[in-house]
Amino acid sequence: MTKFILWLCCAVLLIFGVNVLIDNPGFVSISWFGYIIETSVAFCIGLVFTFIFVFYLIAFPKRWLIWIRQNLEKKRLKKSNELLVQILTNLLCGQTNGNDKLIKGFQKNSKDENVSLILKALSKTDEDIYKQLIKKPITEQVGYKILIDKHLKRGEITLACEKIEELQQKNPKKEWVLKEAFNLFVINEEWEKALNCLETLNKLKLIDKLQYNNQKAVLLVKLNKGTEAFRLCPALPAAAVLAAKENPKKAEKIYQTSWEIKPSFEIYKAYVRLFAKENYLAQYKHVLNLCEHNKNARINALVIADAAIKANLWSEAKKELNGYIAQYPLTTDVITLMMQIEVDANHNVREAQKWLEKMNKSETSSAYICTQCNHKTDNWEASCPVCNCFNGLQLL
């Protein structure tokens, strides 16, 4: 509608102008180099319009060709976008069988060879696609990632570590490269290299401070640097035990500090070993002293009962266990201690048998649980033995 009104206005102005020229033809005189040219205003205006028309006729074919080219380009881009959407949809749905044909169509309609290579890699149409990807700086990271994954699937951990080190030299501050390198070095037990990656992640502020401290403490334990590890994470039993070995004079204080933060059976056993030369009654008193550093800890009743049984303080042991059973679910370690009391103190095998029957219905007495796969175990490791999650085992 706007265009129609515009054209209508132009037509009206043109008719008005023609009428004005007819009524007032006027004359134009041009003098140049002694020559005088006289003509009408209408002729001059007509001459101008003629030049414009001739110029338009000359320029029209070129504009027409440009218009055709632009339309073809739009159609090509539209087709490549449609194919790209289909390919990505298939990838998200896990259907890569038909992507080979779609990618060939995409290559015909798209000039970006790098995108085609990445789509081939995602669709796994070529097993050695990583060779082509690694050759180009813009796609080399994808190529290295595919190659590293291939090595991992084959169990070639050392080769995977070598490739990630190559990529690390080219991209020393890339977040995913650092994290991939860290994980691979941990799997291959290259603790020093893993620590270097962790330090870089921390400097670049790509890791949470608490996570950094915990993971660094685990790595320091693996590097036999217990004192440093304990400073970073006193709640880690392995760090406390190693720190105590490195500082025998401060061992008792180290265990007490660890108990205040996070009591565990490892700390209890290590603490008792400090007084191995003393009798069981003296050890029992030391255990009571340890528990004073965290009076509300759930584990207190169990370690006091265990120390009391060794010191033949049966009533004290039973009192602690009965108090525990009244507050918490029955566990296998509680049942084991109750059976020991019935057999050794009361010589009541029948009552011990009753406790044994409850064993299958009770919870497993695991000290650690994996935060990723919920695997439970009594022994601490740097990585979960089931899902390999580094620092995944946490105290219950």
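Helix α14 buries Ile-267, Tyr-268, Ala-270, Tyr-271 and Val-272, where buried means under 20% relative accessible area, exposed means over 50%, and partly exposed lies in between (1.4 Å probe, protein chains only). Helices here are DSSP runs of H or I with at least four residues, strands are E runs of at least two, and both are numbered from the N terminus. The model is a predicted one, so local features need pLDDT of at least 70 and side-chain atom pairs count only at pLDDT 80 or more, while totals for chains, interfaces and linings use all residues. Residues are numbered from 1 along each chain as its sequence is written, and side-chain values use heavy atoms, with hydrogens and water left out.

As for what sits over α14, the cover on its buried residues includes α12 (237–246), α13, α15 and α16. Helix α13 spans residues 251–261 and holds Gln-256. That glutamine is buried, at a relative accessible area of 9%. Setting aside neighbours within four places in sequence, Gln-256 is in contact (heavy atoms within 4.5 Å) with Tyr-271, Asn-289, Leu-290 and His-293. Tyr-271 is itself among the buried residues of α14.

Helix α16 is largely enclosed by the rest of the structure, because 10 of its 11 residues are buried. The buried set runs through Asn-300, Ala-301, Leu-302, Val-303, Ile-304, Ala-305, Asp-306, Ala-307, Ala-308 and Ile-309. Covering these residues are, among others, α13, α14, α15, α17 (314–327) and α18 (332–345). After α16 comes Asn-312, with a positive phi near 60°.

A search of the whole structure turns up 1 cavity of 30 Å³ or more. A cavity, on a 1 Å grid over the protein atoms alone, is a set of points where a 1.4 Å probe fits but cannot get out, and lining residues have an atom within 4 Å of a point. Grid points are joined across faces, edges and corners, and the volume is the space filled by probe spheres set on the points. The largest cavity comes to about 50 Å³. Its lining is made by Tyr-268, Val-272, Tyr-280, Gln-283, Tyr-284, Val-287, Ala-307 and Lys-310. Two or more of these residues come from each of α14 (265–273), α15 (280–291) and α16 (300–310), and α15 gives the most, with 4 residues. By type, the lining splits into 6 nonpolar, 1 polar and 1 charged; Ala, Val, Leu, Ile, Met, Phe, Trp, Tyr, Cys and Pro count as nonpolar, Asp, Glu, Lys and Arg as charged, and the others, Gly among them, as polar.

Strand β3 (residues 368–370) is joined to antiparallel β4 by 2 bridges, and Ile-369 stands opposite Lys-376 in β4.

The cysteines give 0 disulfides across the whole structure, a disulfide being a pair of cysteine sulfur atoms within 2.5 Å. The sulfur of Cys-387 is 3.6 Å from its closest cysteine sulfur, in Cys-370, which is too far for a bond. Cys-387 is partly exposed, at 31% relative accessible area. Cys-233, by contrast, is buried at 11% relative accessibility, and its sulfur lies 15 Å from the closest cysteine sulfur, in Cys-389, again too far for a bond.

Technical notes: On a 1 Å grid over the protein atoms alone, a cavity is a set of points where a 1.4 Å probe fits but cannot get out, and a pocket is an open set with protein on both sides within 12 Å along at least five of seven lines; lining residues have an atom within 4 Å of a point. Two strands pair if DSSP finds at least two bridges between them.
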